[in-house]
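Colleague: Could you take me through one part of this model closely, namely how its strands are arranged into sheets and what packs on them?

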Amino acid sequence: MVPTDDPFLQRRYLVSFEGHRLGHIFTDVLVIGCGAAGLRSAIEASQFGEVIIATKDGLTESNSYHAQGGLAAAMDSADSPSAHVADTLRAGCGLSDEPVVAEVLADAGDHIRQMRQWGVAFDEDRGRLDLGREGGHSANRIVHAAGDATGQMLTDVLLDRAQQGPRLKIFDNCFVLDLLTDRAGLAPVAGGPGARCVGAITFHERYGLQVIHARRTILAAGGAGMLWRETTNPPVATADGIAMAFRAGAEIADAEFMQFHPTTLYVAGSTRSLISEAVRGEGGYLVDRAGHRFMADYHEMAELAPRDVVSRAILDHMAATGATNVYIDVRHLGADSFAQRFPQIDRQCREFGISPGEDLIPVHPAAHYMIGGVRADIDGQTSLPGLLACGEAAATGLHGANRLASNSLTEVLVLGSRCGRTAGEALAAEDEALTPRMIDWQNPHSDRTSLDLADIRNSLRSVMWRNVGIVRRGSRLAETLEIIGFWGHYVLDKEFYDPAGWEAQNI
Ligand SMILES: Cc1cc2nc3c(=O)[nH]c(=O)nc-3n(C[C@H](O)[C@H](O)[C@H](O)COP(=O)(O)OP(=O)(O)OC[C@H]3O[C@@H](n4cnc5c(N)ncnc54)[C@H](O)[C@@H]3O)c2cc1C
């Protein structure tokens, strides 16, 4: 078991600091993360006060930017929000929070119309939205843009709007290490009864460590895909948001629910690029090496069964046939129409010498979407006063045990805007000046050996993939806990001075 009484494992802040020696910045609302959730919440909050977005890398380094499939909403006259709710509850395996599902999906259409007004050019077919189909949906309700570049189109519009906002500033390459609470101490005592989030400690290569004091902090730091060896997520998805909230004592929920995407490009040397569910929605088949279309053997919805079903079926089929991957067959869709509908996927395949019109595309499941996170209600409120959360970093109960395809970008818009509004309205209601708190923190000194951080990360990601992957067993989980507890002793007692070390500790 992880020895939870070990002070090193309960480190409240990743680094030591003396408040009066650091640079101080003041804002009404601090938003952590520049994906669609961070941007949408910041735009909303900036109607009420000054907002700073801090993001650890470039402005487009986010899961949001890479999203391919689209946003789910009942926009067709033959469809209805209640059918969308029923599909979402079914995919969530009975663990979704039904009122949250109903409220979010009832507002989905309005948010898509708003994005169109703001300038997102969603794809159309003869003057009407071209609605795609994805796994687990009983109707065509996936709105997409530039074929499979929906995330990029959406993020570009949100970024543009955020950058034009007179009360909104974006600090890029500004790594948030920790949430600042007004009481020192070890978690969970630190964030326990009475403590309040009052901003964050950040690091920027040019300015070093700084404190951003904020009346409200919105955590929108995204997911955790980099915990697994195989993942569709970009390198920024290192669970920093969940880790810093945990250290501050906020409640974390459902962290065991990582959604695995069934189909990522499986070619040695490639990043695990997603082959969107929409490819199967448009008629792509899953086949094995012998050309057998096997999904019908596993589920009545065949290739369009929910993601968890398809991922497990692929694993079972690989085990039964002794294969390391399966294939998507899109040859019957025609090379030109595939390239037109899925320009990014077509390009990614061609970079590795695969012509989708002629060749089978090798695929394999990979970690994709963190369903769990910082527990937040539908308005973004967490258990830690002063801290709100939205997007993939939050666990709102919308997805239950399994996210329905394309529901997360919808969630990011609907709940991102609610979260920003909640933060903004709280400012107006309080009307209280921001009092800076000069907090000091000293970590215990450790003189143990230095570390090969890349090796730590690779080893952790491998053990997570092997033992905490799609199929899990109690004995393997217990073994993993022991391994990670052991590593934790000499990884978590160090102080690092750059993001690579902090990310390794967060992971
Ligand atoms: C390849 C891919 C395809 C997808 N396709 C779809 C789809 O078609 N439809 C759909 O609904 N969903 C899709 N998803 C999921 C969806 O994109 C995400 O769930 C959603 O975009 C999350 O938005 P977010 O703003 O919460 O997080 P992100 O977009 O990941 O943004 C997180 C932000 O936080 C920043 N950050 C992280 N840690 C720190 C730190 N310590 N300090 C400062 N900043 C930090 C990151 O740099 C980033 O800017 C896809 C995901 C991937 C990876």
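Modeller: In this predicted model, three strands make up an open sheet with the order 12-17-19 and mixed pairing; here strands (E, at least two residues) and helices (H or I, at least four) are DSSP runs, numbered from the N terminus, and two strands pair if DSSP finds at least two bridges between them. At the edges lie strand 12 (252–253) and strand 19 (394–395), each of which pairs on one side only. Strand 12 runs antiparallel to strand 17 (residues 373–375), to which two bridges join it, and alanine 253 stands opposite glycine 373 of strand 17. Helix 6 (residues 240–247) packs on this sheet and touches both strand 12 and strand 17, its direction making about 45 degrees with that of strand 17; contact means heavy atoms within 4.5 Å, and axes are lines fitted to C-alpha atoms, for helices over the stretch in contact, with angles from 0 to 180 degrees between N-to-C directions.

Another open sheet has four strands in the order 13-16-15-14, with antiparallel pairing, and its edge strands are strand 13 (258–265) and strand 14 (285–287). Strand 14 pairs with strand 15 (residues 326–329) over three bridges, and tyrosine 285 has aspartate 329 as its bridge partner in strand 15. Helix 8 (residues 307–321) lies across strand 13, strand 14, strand 15 and strand 16 (361–370), at about 60 degrees to strand 13.

Residues are numbered from 1 along each chain as its sequence is written, and side-chain values use heavy atoms, with hydrogens and water left out. As the model is predicted, local features need pLDDT of at least 70 and side-chain atom pairs count only at pLDDT 80 or more, whereas totals for chains, interfaces and linings use all residues.
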